[in-house]
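Here is a short briefing on one protein chain. Keep the sequence and the 3D view open as you read.

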Amino acid sequence: MARTRRTRPTERANLYEQITHRIIAELEAGRVPWVQPWGSSRASIGMPYNAVSNRRYSGLNILTLWNAVIERGFSVHAFLTFRQAVALGGSVRRGEHGVGIIYTRRFIPGEERRRAENEGREPSGGIPFLKSFTVFSVEQCDGLPANICEPPPPIPEGLILPQAEALIAATGADFRIGGGQAYYSPRHDYVQVPRPDDFFDPVNWHRTAFHELGHWVGGSARLNRDQTGSFGSVAYGKEELVAEMTGAFVCAALGIVPTVRHTDYLGSWLEIIREDSRAILRAASAASKAADHLLAFRPDAVPHAVNDDDDPDHDPAPALDGRLTADTRLRSAA
């Protein structure tokens, strides 16, 4: 249970230090944390507030909670404490991690309080101190009243193309729509993608969705690609390249034409390709297998065998003709 407690001077310094380092990291990555970088996501525009009192958080807490919204893909800015969730008849889901925030109070000695009361004035002076406590997004809770955790409005009809919707459903993947961030969680084996109406051009939602499903296909329960690379590493860049090509292949097979391409990792991709002349061949082969695996879930999919000649490590000059055939061995193992 989260407890409010007085923060010691050393803890206070560490808390400020952590927040400062986080802001520096955002700035070094080219993002300005006090200007919402996910402003294109209408579901994520707003100020953090307490779901019970409706009071807005202030100061550094705004940046801290915005960061939590971005990193964890929350679609709302409502937070509450563990005790507040219980008082409302709900609970924080097991395994959920809260967000540490702070507030400043002044300790007024009893003598000054009594003197001010006798003189009919507000107490003066006092000793400032910092308190820290933990809050949770309402999306991390169960059993809250409807007025506290209202579900998001339904996605407007037609924004998700029917052929894409049918394929995503057929995969059986834990595919979640909402929040302000797109990602695949290998640990929990689910995909999270923002709503299509959070994109400037909703058709681009499909490339993002199949990019993340490209990662999902590479999970340990399916194609078992190496997904252990940390952000910025060569292994991470290779996996991103495979997922990006997978998204492009699947969109092409479904007749979907997004208007933009992902460029977030362009620099790392170029570095990988320049250092290894066979890297693009391996990535294309892995992406074809991933796309085949996804497309094989279609009810009208026609299976075709894929032999080892499609692997550039077995064939010095593999054919990259864009064919999307279904590997029956992979499909049967799914």
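Tyr183 and Tyr190 are both buried in this predicted model. Their ring centres lie 5.9 Å apart and their planes meet at 70 degrees, so the pair is edge-to-face.

**Aromatic pairs**
- The whole structure holds four aromatic pairs.
- Phe74 and Phe79 form one of them, with ring centres 6.2 Å apart.
- The planes of Phe74 and Phe79 stand at 75 degrees, so this pair is edge-to-face.
- Phe74 is buried because its relative accessible area is 6%, under the 20% cut-off.
- Phe79 is buried too, with a relative accessible area of 0%.

**The largest nonpolar core**
- This core has 24 residues.
- Phe175, Phe210, Leu213, Trp216 and Val250 have the most contacts inside it.
- Two or more residues come from each of helix 5 (162-171), strand 10 (190-193), helix 6 (204-217), helix 7 (234-254) and helix 9 (279-295).
- Helix 6 gives the most, with six residues.
- In soluble globular proteins, nonpolar side chains tend to be buried together.

**Around Trp216**
- Leaving out residues up to four places away in sequence, Trp216 touches Thr171, Ala173, Tyr184, Asp189, Val191, Arg222 and Leu294.
- The charged end of Arg222 sits over the ring of Trp216, 4.0 Å from its centre.

**The whole chain**
- The chain has 10 helices and 10 strands.
- Of its 334 residues, 39% are buried.
- Among contacts with a separation of 6 or more, 70% join residues 24 or more positions apart.
- The accessible surface is about 18,800 Å², and carbon and sulfur atoms account for 52% of it.

Terms used:
Residues numbered from 1 in each chain as written. Predicted model: local features only at pLDDT ≥ 70, side-chain atom pairs only at ≥ 80, totals over all residues. Heavy atoms only, no water. Core = buried A, V, L, I, M, F, W, Y, C linked by side-chain atoms within 4.5 Å. Buried < 20%, exposed > 50% of the residue type's maximum accessible area, 1.4 Å probe, protein only. Helix = DSSP H or I, 4+ residues; strand = E, 2+ residues; numbered from the N terminus. Contact = heavy atoms within 4.5 Å. Areas by Shrake-Rupley, 256 points an atom, 1.4 Å probe, with all protein chains shown as cover. Phe/Tyr/Trp six-rings, centres within 6.5 Å; stacked < 30°, edge-to-face > 60°. Lys NZ or Arg CZ within 6 Å of the ring centre and 35° of its normal.
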